[in-house]
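Me: Hey, I've got a structure open and I'd like to go through it with you. Can we start with the charged pairs?

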Amino acid sequence: MHELAAMLIKQRVRLPEEGKTFDMYVNDAIYYNLRPEQKLYYSENCFGTADAIFFDEDEYFLRIHDLKTGVTPASLHQLEIYAALFFLEYDLPVNEVEMELRIYQNDDILIGNPTVVDIAPIMDKIVTFDKLIEQIKKEN
């Protein structure tokens, strides 16, 4: 499903407006000009792939969307981690950027607007644990 969504988004193929999870995800990604399957990399110890992401440099606005195909309720925490990776990779000031995170699941959209208070502690954990992992690797 993710591969098909990425292809449709890249080719800007809109789907029927019927309130279905997959269709809403694809259409919104096209509407907001998101890039599908974007790799986010802090180090060899911490990286990930956002389903769809876009950073508006003029508005200083980060948008991350995630498609969930299962029925177990999802949390925005995974997307907060992606946001933290984004800020670490591109060395942008998290306190100056507005964010919207969306999870598309079960024909609904879960929306969150985290702030520096939410993302900075995740960034700190990533940096701290990356250093710890590197230290352990050197000792072994």
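Me: Is E44 buried or exposed?
Reply: E44 has 54% relative accessibility, so E44 counts as exposed. The cut-offs, found with a 1.4 Å probe on protein chains only, are under 20% relative accessible area for buried, over 50% for exposed, and partly exposed in between. Keep in mind that this is a predicted model: local features need pLDDT of at least 70, side-chain atom pairs count only at pLDDT 80 or more, and totals for chains, interfaces and linings use all residues. Residues are numbered from 1 along each chain as its sequence is written, and side-chain values use heavy atoms, with hydrogens and water left out.

Me: OK, what does E44 meet in a salt bridge?
Reply: The side chain of K137, at 2.6 Å from N to O. K137 lies in helix α4 and E44 in the loop between β1 and β2, so this pair ties together parts 93 residues apart in sequence. Helices (H or I, at least four residues) and strands (E, at least two) are DSSP runs, numbered from the N terminus. A salt bridge means a side-chain nitrogen of Lys or Arg within 4 Å of a carboxyl oxygen of Asp or Glu.

Me: And how accessible is K137?
Reply: K137 has 37% relative accessibility, so K137 counts as partly exposed.

Me: How many salt bridges does a search of the whole structure find?
Reply: The search finds 7. One of them joins E100 and R63, with the closest N and O atoms 2.5 Å apart. E100 is in strand β4 and R63 in strand β3, 37 residues apart, and both E100 and R63 are buried.

Me: Which residues are joined into one network?
Reply: D28, R63, E100 and R102, through salt bridges that share partners. R102 bridges to D28, and their closest N and O atoms are 3.0 Å apart. R102 sits in strand β4 and D28 in helix α2, 74 residues apart. Both R102 and D28 are buried.

Me: Switching topic: how do α3 and α4 cross?
Reply: Their axes come within 9 Å and cross at roughly 70°. Axes are lines fitted to C-alpha atoms, for helices over the stretch in contact, and angles run from 0 to 180 degrees between N-to-C directions.

Me: Which residues of α3 meet α4?
Reply: H77, E80, I81, A83, A84, L85, F87 and L88. On the α4 side they meet D118, I119, I122, M123, I126 and V127. Contact here means heavy atoms within 4.5 Å.
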